[in-house]
Amino acid sequence: MDPTGEPAIVARLRTGDPAAFDHVYAAYHARLFNFLVRLSRRRDVAEDLVEETWLRLVRRAARLRENTRLEPWLFTVARNLFYSYCRSRLLEQSVMSDLIGLWPAGSPARSPFEETAANEADRRLESALAALPAHAREVLLLVGIEGLAPADAAVVCGISPEALRQRLHRARTLLARRMEETTILRVSVPKEAVS
Amino acid sequence: MTDPAIDPLLRRLADLPRAVPDESRTVAVRERCHAALARGGAHAESAHRTQARVARLLELAAVVALGVLYASAIISQAIGTYGAR
């Protein structure tokens, strides 16, 4: 979305203009879904959370400030909804393994990434990303995949820009290490099979 | 420190295939939001009308109160002037 036209879109949203909503929806729906599906690692959860994100925008549209920046606003709401969902799941099940472990255990369907990853390298990167803790994954998703400016990603995560830079650096290092580990594992399997 | 613009690993992340939302659900969510927007708009309009009506009533009440005050002041002055005779 053109940042120069954003105040006008926000002003129209505040009056409940459906065309303005459609404009924002077209710009951010797929991006929010992509962010949430990788953060939650569950397509069904992402569908529910992205819907709730949009409903929040609509309910609060009249109270948006004139200078509201929609990209950080929407990603902040989506991220907060994800963590609320995690908390509610913790209360319900008292386990976090489904959420911050590897791919959901016992999931009958293959992950969307396993299906869409076109090649082995992408698949390895997806797996390594999915295996990271949520706080590391979210900064990589926001900055690396969704292309948010680090300052905006810091707003979304509720931390200072400096803290975000450090978190991004740590997450990137962790991701690289996980990728190396999967490479070593893959290389070592045939040797074991031969011996 | 990691620079997203030049870091090759972050650039590879950006090139990963994107998850695409279900088309029918996308349309359904948009329609729900439109309905909510319309309800919000109707609610705001009705709240605005109620506010305007209350303001008019308050204005009328203030005029009546001032009128009563003025009349009672005139009457009490008249009684004070002519009632003493």
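Mentor: At 1.5 Å a residue, the 18 residues of H3(A) should span 26 Å, and this agrees with its end C-alpha atoms, which are 26 Å apart; the expected span is 1.5 Å times one less than the number of residues. This is a predicted model, in which local features need pLDDT of at least 70 and side-chain atom pairs count only at pLDDT 80 or more, while totals for chains, interfaces and linings use all residues. Residues are numbered from 1 along each chain as its sequence is written, and chains are lettered from A and ligands numbered from 1 in the order in which they are written.

Of the 195 residues of chain A, 34% count as buried.

H3 (43-60) is also among the elements of chain A that each supply at least two residues to the side touching chain B, together with H2, H6 (112-116), H7 (120-130), H8 (134-145) and H10 (161-194). Across that interface, 38 residues of chain A are in contact with 28 residues of chain B, contact being C-beta atoms, placed from the backbone, within 7 Å. H2(A) gives the largest share of the chain A side, nine residues, and that side as a whole divides into 23 nonpolar, seven polar and eight charged residues. Here Ala, Val, Leu, Ile, Met, Phe, Trp, Tyr, Cys and Pro count as nonpolar, Asp, Glu, Lys and Arg as charged, and the others, Gly among them, as polar.

Of the 85 residues of chain B, 11% count as buried. Among the contacts in chain A between residues at least 6 apart in sequence, 64% join residues at least 24 apart.

Finally, H2(A), which spans residues 18-40, also has a partner in its own chain: Ile9(A), Arg12(A) and Leu13(A) of H1(A) meet Ala20(A), Phe21(A), His23(A) and Val24(A) of H2(A). By class, that contact has five nonpolar, one polar and one charged residues.

Conventions
Axes fitted to C-alpha atoms, helices over the stretch in contact; angles between N-to-C directions. Helix = DSSP H or I, 4+ residues; strand = E, 2+ residues; numbered from the N terminus. Contact = placed C-beta atoms within 7 Å. Buried ≥ 20, exposed ≤ 12 C-beta atoms within 10 Å, placed from the backbone.
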